[in-house]
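Open the model in your viewer and keep the selection tool ready. We will go from the whole chain down to single side chains.

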Amino acid sequence: MLRIFIADLHLRADALDQARFVDFLQGFGAHSELYVLGDLFDLWLGDDLDLPRYRPVIGALRAYDERGGVARIMVGNHDFLIGDAFFAQTRARPLPDPTVIEHAGQRLLLTHGDALCLADVDYQAFRKRIRQPAFVAQFLAQPAEQRIAIAREFQDGSRTATASKPAAMMDVDADAANAALIDAGAGLLLHGHTHRPGVHRLPAGRRVVLGPWFEKESALIWPADGAPQPLNMGCNATDIVG
């Protein structure tokens, strides 16, 4: 089974942005699995609003399923409001955060990564608040204009806060990542979120960071009977499993 790992595509609703993903996915079919580790979309305000805006992406995922591929999608901090209608229309499968899988003789721990950025205590508090079921239900009950206004306010606040924080504060905590590997009995932690692709050695294994799609496609393409093939990740197969 060929597995394709991607994260942080941050797709917007314009046709060209969506076409990049459509073209990428057309290269894969039967006997493959696509793992999206969060932030497929740059912003998701609810299935009722965004499914019509992302028809090319929805169609590409459904066509991938019809070709015999399996898409597993984990939500991220930008698109955690993806709901049941999205999965019904795409035939993709929800991927819990975190998830452990076995692949190519390796035990992999998969996560978006933001929950491990422990030094950013303000973000962790915000993350906890907006993912409360009561907050989500209240937000989704708002009309479209109100949801858009709230999201813009949150985004503006996030950009302002991020600009004043040191880079190290917004990165994954190495001790937390190492503990997560030990708890999962895994040797590789694979995540996105930080937009800092590469491989980091930990006492319990390695932390592999997927790259964002802002300038070019990035992925880890890994056949079950071969070496991992990093695409625009700033590393090679030996860095990951050597």
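**Before you start**

This is a predicted model: local features need pLDDT of at least 70, side-chain atom pairs count only at pLDDT 80 or more, and totals for chains, interfaces and linings use all residues. Residues are numbered from 1 along each chain as its sequence is written, and side-chain values use heavy atoms, with hydrogens and water left out.

**Stop 1: the whole chain**

Show the protein chain as a cartoon. It has 9 helices and 11 strands. Helices (H or I, at least four residues) and strands (E, at least two) are DSSP runs, numbered from the N terminus. The radius of gyration is 18 Å, close to the 18 Å that the globule rule gives for 242 residues, so the chain is as compact as a globular protein of that length. That radius is taken over C-alpha atoms, and the globule rule is 2.2 Å times the number of residues to the power 0.38.

Now think about the inside. Of the 242 residues, 48% are buried. Buried means under 20% relative accessible area, exposed over 50%, and partly exposed in between (1.4 Å probe, protein chains only).

**Stop 2: the open sheet**

Which strands form the open sheet? Select β4, β3, β2, β1, β10 and β11, which lie in that order with mixed pairing. Two strands pair if DSSP finds at least two bridges between them. Look at the edges next. β4 (93–94) and β11 (229–231) each have a single partner strand, so one side of each is left without a neighbour in the sheet.

Zoom in on β1 (residues 2–6) and β2 (residues 32–37). These strands run parallel and are joined by 5 bridges. Pick Leu-2 and look across: Ser-32 in β2 stands opposite.

**Stop 3: Thr-111**

Select Thr-111. It sits in the loop between β6 (106–110) and α5 (121–130). Is Thr-111 buried or exposed? It is buried, with a relative accessible area of 6%.

Show its surroundings. Beyond its neighbours within four places in sequence, Thr-111 is in contact (heavy atoms within 4.5 Å) with several residues, among them Leu-37, Met-74, Pro-98 and His-191. Asp-97 is also one of its contacts. Here the two side chains make a polar contact at 2.5 Å. A polar contact is a pair of N or O atoms within 3.5 Å; within protein, one must be able to donate a hydrogen and the other to accept it, and residues adjacent in sequence count only if both atoms are side-chain atoms.

**Stop 4: the aromatic rings**

Select Phe, Tyr and Trp. The structure holds 12 aromatic pairs. Rings (for Trp, the six-membered one) pair if their centres lie within 6.5 Å; planes under 30 degrees apart count as stacked, over 60 as edge-to-face and the rest as tilted.

Start with Phe-126 and Phe-154. This pair is edge-to-face, 5.2 Å centre to centre, with 85° between the planes. It links distant parts of the chain: Phe-126 is in helix α5 and Phe-154 in helix α7 (residues 144–163), 28 residues apart. Phe-126 is partly exposed at 27% relative accessible area, and Phe-154 is partly exposed at 28%.

Move to Phe-135 and Phe-139. They are stacked, 6.5 Å centre to centre, with 15° between the planes. Both lie in helix α6 (residues 133–140), 4 residues apart, so about one helical turn separates them. Phe-139 is buried at 7% relative accessible area.

Finish with Phe-41, Trp-44, Tyr-54, Phe-86 and Phe-87. Ring pairs link them into a cluster.
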